[in-house]
Amino acid sequence: MTNFFYKPLRRMLSAPAILPCLCFIIYLLFVPLSLNAAQALPWKVIFPDATHIGKFEGTPPAATVFHGDKPVGYLFRTKQIAPIPAYSGKPMDMLVGIDPEGRIIGIRVLEHHEPILLVGIPESTLNEFVMQYVGKRVDDRIKVGAGKRSGYVNVDAITGATVTVIVMNEAILRSAREVAISKGIIADTRALDRPAARVRTELFESTNWKELTGNGAIRRMLLVREEVDAAFKGTAAEDIDLATADEAKEPFIDLFYAYLNAPTIGRNLLGESQYNWLMAELKTGEHAIALLANGIYSFKGSGYVRGGIFDRILLRQNERDISFRDIDYHRLSDVYAEGMPEFSEMAIFIVREPYQFDPGRGWELDLLVKKQTGPLDSVFSSFTTTYEIPEAYVELAEVDAELIAAELPIWRQVWQEKTFEIAFLVLGLAALTIIMTLQDWLAHFPRLLNNLRTGFLVYTLLYVGWYLLGQLSIVNVFTFSSSLTSKFRWDTFLIDPTMFILWVFVAASLLLWGRGVYCGWLCPFGALQKLVNQIARYFNVVQLQLPQIIHDRLWGIKYLILMVLFAISLESLATAERYAEIEPFKTSITLRFNRELPFVLYALGLVVVSAFNCKFYCKYICPLGAALAVPAKLSLVNWLRRRKECGSPCQTCAVECEIQAINDRGEIQINECHYCMDCQVTYWNEYKCPPLVVRRKKHERTGQIKQELGAESID
């Protein structure tokens, strides 16, 4: 009985298992020394010769720095002026100082929640990055990374954190320009960057409500009552007109809005005669907006009187607020778009020429909600939504392409700059899709399939991993989960095209094939382990598989790790990101082993173990693999073929499976399978699969008998 427990335990603590355990213990001992939280630095560091500082005030908020009675510069925080979400979904906060001539004096990072910067990159590297801005002017065009562009100044990026530093660059420059404009250091030329777009009045396509809402020509703002109540919490109106539990999900206002000058929108919505009347009413440079709503709240309001202003709605474009008076309002009673719902309130509002409205630029619609706290007292809360007309309906004026690119959202700028990288990544994913689709045919050609898989693993490691830094992480899962419970923004995920494309592909592959496609083909660290194991096998390195009884108990460890990390993330995402260092991905892939010794030892230990036990980390430790296994339960098709003889009596595939994902009953555990397709090669091999071997030999004997009988009849 003692040997029954002792021998498996001794094998479990042999070289494949003990080395990563020891390395991880070393990591746990040393990691607290390397995790120093960013601390706000005093303004004296940026202005060492200054004597005192004023208050942070004005729009945008900035503090004047003095030497005696003489102003020597201005100090401001980027989070207060340009709170641009970075990859974590939260903005970074930086303290920036500029002098009266518009030169950047210094920058200090006060706070951030970026996973790679919290645990993967030392604070000194971050300080070196922001020091590159010292001496540059606030009106310089600064480009992060290599690649010269006319009229731009380059700063070096941080390896492994390119997206984050692009956001930092945008926040620094946007905040600095806002402050410089407000202080009169530079002129505000934003409105002069591009002439207004021309509406394509010659373009008309008959369409319906569904298509107009689907392509963004008609946008929607839906507020339920609990959202509005939440906006007034902490104010004097928080207990006024509260929704009951049954009313919480009811619409407060369901508002649709659209730009009407474009014929495809206006004519389909208003009908031809009403549209022609409206266009005849508009003067040159004027534009019409339609608002249609249901719900208990009116966007017009009852306080509006003749000669007054509609105080519940406001448009905003180019930092200009556009309000509407009674003369800008037209009642809308007839609408004709096929399939549109009925509305209790509809109106047309006219944007007059002095506002210099540009239909080609995005604009915002503010809805002001008021709660009365007394006869003369009210509390207001504003809800904002955006609108961008479909590009096909307008024609942009010909201007400097760089000026247009500069005003694009950050994520679109990143996608444009990485066109080649994106194309090559999509090409690789398309090739993988073809391989997965043709897997039954490829399984008939073992050498071809093996070469394809090895080649793709090299592509994954070198291109997806070490070049694109496209290593998915459990931190990405926590970031996505956190965004769903707070304010979800697509910009947060679109800002890194590699990660976005990979996650979209992984989501699709989970439904079609389970977690194995990513874990077996697309994970750079998994590819590194597998390639090391293939090299080890080539040199006849002994493979040490854990006994099945121990394996069946150890693979659950990764699910326990996932549960612990997820529980920590509910309390503090930043803390969970630190403990997620149990993943060696940042060290081995993102930072290419250029890191502190404890991290490197841990990652290298796991790689070395993989030479003796294929993908040891993936099988027993990886929380990302565990997270992917959960939705993999929903996979729609079972592509991996089995026979009734599998498991009883045949155990060929189970013995050969490197991941040990086939149980003694011959069933493939799809949650553990890495989709190497070795079992499928065996499935179709009539010289290896026992049932096929029996069938082949039977056919050969039958053929031989027929041949002998034929020879006898000839005799």
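## Ground rules

The model is predicted, so local features need pLDDT of at least 70 and side-chain atom pairs count only at pLDDT 80 or more, while totals for chains, interfaces and linings use all residues. Residues are numbered from 1 along each chain as its sequence is written, and side-chain values use heavy atoms, with hydrogens and water left out.

Helices and strands here are DSSP runs numbered from the N terminus (H or I with at least four residues for helices, E with at least two for strands).

## Around A443

A443 sits in the loop that runs between helix 14 (439-442) and helix 15 (446-467). A443 counts as buried because its relative accessibility is 2%; the cut-offs are under 20% relative accessible area for buried, over 50% for exposed, and partly exposed in between, with a 1.4 Å probe and protein chains only. Setting aside neighbours within four places in sequence, A443 is in contact with L449, Q680, V681 and W684, where contact means heavy atoms within 4.5 Å. A443 and T682 are 239 residues apart in sequence, yet their C-alpha atoms are 8.2 Å apart in space.

C676 belongs to the loop between helix 28 (652-656) and helix 29 (678-684), and with a relative accessible area of 16% it is buried. From C676 to L449 the C-alpha distance is 9.6 Å, against a separation of 227 residues in sequence.

## A nonpolar patch on the surface

Now for the outside. I434, L438, W441, F445, L448 and L452 make up a nonpolar surface patch with about 540 Å² of accessible area together. Areas come from the Shrake-Rupley method with a 1.4 Å probe, and for residues only the protein chains shown count as cover. Patch members have over 30% relative accessible area and no salt bridge; nonpolar side chains (Val, Leu, Ile, Met, Phe, Trp, Tyr) are joined within 5 Å, like charges within 9 Å. A salt bridge is a side-chain nitrogen of Lys or Arg within 4 Å of a carboxyl oxygen of Asp or Glu.

At a relative accessible area of 49%, W441 is classed as partly exposed.

## D229 and a backbone nitrogen

D229 is part of helix 8 (residues 225-231) and, at 12% relative accessibility, is buried. The D229 side chain reaches the backbone nitrogen of A243 at 3.0 Å. Beyond the neighbours within four places in sequence, the contacts of D229 are D241, L242, A243 and K371.

## One side of helix 5

In helix 5 (residues 123-131), the buried residues are L126, F129 and V130. They cover an arc of only 90 degrees around the axis, so they sit on the same side of helix 5; the arc is that of the directions from the helix axis to the C-beta atoms. As background, an α-helix has 3.6 residues a turn, so residues three or four places apart point the same way.

Two cis peptide bonds are worth a look. T59 and P60 are joined by one, with omega about 0 degrees, and P60 is in the loop between strand 1 (52-53) and strand 2 (63-67). The bond from S648 to P649 is also cis, with omega near 10 degrees; P649 falls in the loop between helix 27 (623-632) and helix 28.

Then come the positive phi values. K615, not a glycine, has a phi of about 55 degrees; its place is the loop between helix 25 (597-612) and helix 26 (616-620), and its relative accessible area of 2% makes it buried. Y675 likewise has a positive phi, near 55 degrees, in a residue other than glycine. Y675 is in the loop between helix 28 and helix 29 and is buried at a relative accessible area of 2%.

I561 is in helix 22 (residues 557-571) and counts as buried at 17% relative accessibility. Not counting residues up to four places away in sequence, I561 touches I582, I621 and P623.

T587, in helix 24 (residues 585-590), is buried at 1% relative accessibility. With residues up to four places away left out, T587 touches E581, R592, F593, N594, R595, F599, V600 and A603.

Key:
Polar contact = N/O pair within 3.5 Å; in protein donor to acceptor, adjacent residues only side chain to side chain.
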